[in-house]
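Let's take a walk through this protein chain together, one pairing at a time. Have the model open and follow along.

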Amino acid sequence: MPVTRRRVFGLLAGAGALAGIPSLWMSRMKTYDGPASNHFDGLNFFDPDGAPPKSLREVLRWQLGGRRQRAKWPDWAPSPHADTPPARVDGDRVRLSFVGHASWLIQTGGLNILVDPVWSERVSPVSFAGPKRHNDPGIAFEKLPQIDVVLVSHGHYDHLDIATLSRLTKNFAPRVVTPLGNDVTMRSWDSTIKAEAFDWHDRIELGGGIAVHLVPTRHWTARGMFDRNKALWASFVLETPAGKIYVVCDSGYGDGRHFRRVAERHGKLRLAILPIGAYEPRWFMRDQHMNPEDAVKALADCGAEAALGHHHGTFQLTDEAIDAPAKALSEALDAAEISQDRFVAMKPGQVVEI
């Protein structure tokens with residue numbers, strides 16, 4: 001295939017914000033300014049137990065190298081499920097509806113919480129290129145209930161979608177809880193977004209007896225050429241009436257210490273939401289993205305009673321086939337002698353209640 005200008009834009013839009021170099025569009029946004037810490041050097045955030053993202057040279061080796069084996073996804077792969085959520089879920093129940101990729105609606109304690117909401121057609125800094133949806137969101141935007149809180153894990157385009165956040169703000173004006181610096185990103189584009197930024201290990205009361213903790217995760221972030229790791233990234237531990245839910249939106253596995261530390265710090269977990277997609281080729285992705293075998297290890301490390309697999313099947317960010325994560329998860333569970341119903345690969349529109 002010839003390397004045309006349009007194709008280069010598409011490659012960089014798709015790979016840049018995900019892999020080792022951000023997309024080649026200059027960021028005009030302001031960035032975080034705060035005191036140094038054990039994971040912020042005064043200019044950039046870092047994970048003391050993580051790994052830096054790949055270089056531009058490595059990105060180009062992956063994207064344009066002659067030995068690349070990228071599976072072809074179907075143009076459209078609709079989910080057999082679609083959800084119309086209730087207005088509220090009260091009592092000690094938790095209702096989790098999978099919207100797609102890393103987007104969830106979690107309803108509990110009378111609160112409606114969205115995680116990394118993306119209703120856009122593409123996850124990209126431009127509208128004409130970059131990863132495009134292969135299925136509809138599991139909940140039509142018009143069928144959303146009143147949204148009270150939005151959790152945004154980090155700034156990559158498949159997780160922080162300004163268009164969706166602006167639309168949610170216009171319709172519902174929710175609180176938006178995010179790691180340090182991402183609030184600056186949001187308000188740079190839409191000053192009406194009610195963003196609140198917090199650090200690792202902060203605990204935030206959301207109301208109705210629900211709280212969220214921001215916890216370290218093995219990843220990184222960027223949106224433009226000059227803002228790599230200028231904002232923080234995190235996973236979430238939700239305190240709910242039905243127990244604690246560990247929500248990992250993006251993470252590598254490493255040696256598993258991030259997951260073991262969550263177990264040590266937060267105790268018994270009722271449920272873990274773990275990424276199982278965007279992992280090939282392994283030489284490039286392993287430091288910041290788990291494959292299904294890694295995710296099964298992460299489940300054992302964090303000790304959750306059960307897990308739900310996400311971050312697969314909606315946007316083709318990497319090279320594996322659309323159905324590869326679910327198949328590999330099943331094989332990894334068998335190899336680890338873990339019941340198949342303890343860790344389920346979700347499809348958009350599927351609902352789980354605990």
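Which side chains meet in a salt bridge of 2.9 Å, N to O? They belong to Arg203 and Glu239. A salt bridge here is a side-chain nitrogen of Lys or Arg within 4 Å of a carboxyl oxygen of Asp or Glu. This pair ties together distant parts of the chain, with Arg203 in strand E7 and Glu239 in strand E9, 36 residues apart. Strands (E, at least two residues) and helices (H or I, at least four) are DSSP runs, numbered from the N terminus. Glu239 is buried at 18% relative accessibility, while Arg203 is partly exposed at 43%. Buried means under 20% relative accessible area, exposed over 50%, and partly exposed in between (1.4 Å probe, protein chains only).

A quick note on the ground rules: this is a predicted model, where local features need pLDDT of at least 70, side-chain atom pairs count only at pLDDT 80 or more, and totals for chains, interfaces and linings use all residues. Residues are numbered from 1 along each chain as its sequence is written, and side-chain values use heavy atoms, leaving out hydrogens and water.

By the salt-bridge rule, the count comes to 20. Another one joins Asp319 to Arg68, with the closest N and O atoms 2.6 Å apart. Those two sit 251 residues apart, Asp319 in the loop between E12 and H8 and Arg68 in the loop between H2 and E1. Asp319 is buried at 6%.

Thr314 lies in the loop between E12 and H8 too, and is buried with a relative accessible area of 0%. Its side chain makes a polar contact of 3.0 Å with that of Asn135 (N or O atoms within 3.5 Å; within protein, one must be able to donate a hydrogen and the other to accept it, and residues adjacent in sequence count only if both atoms are side-chain atoms).
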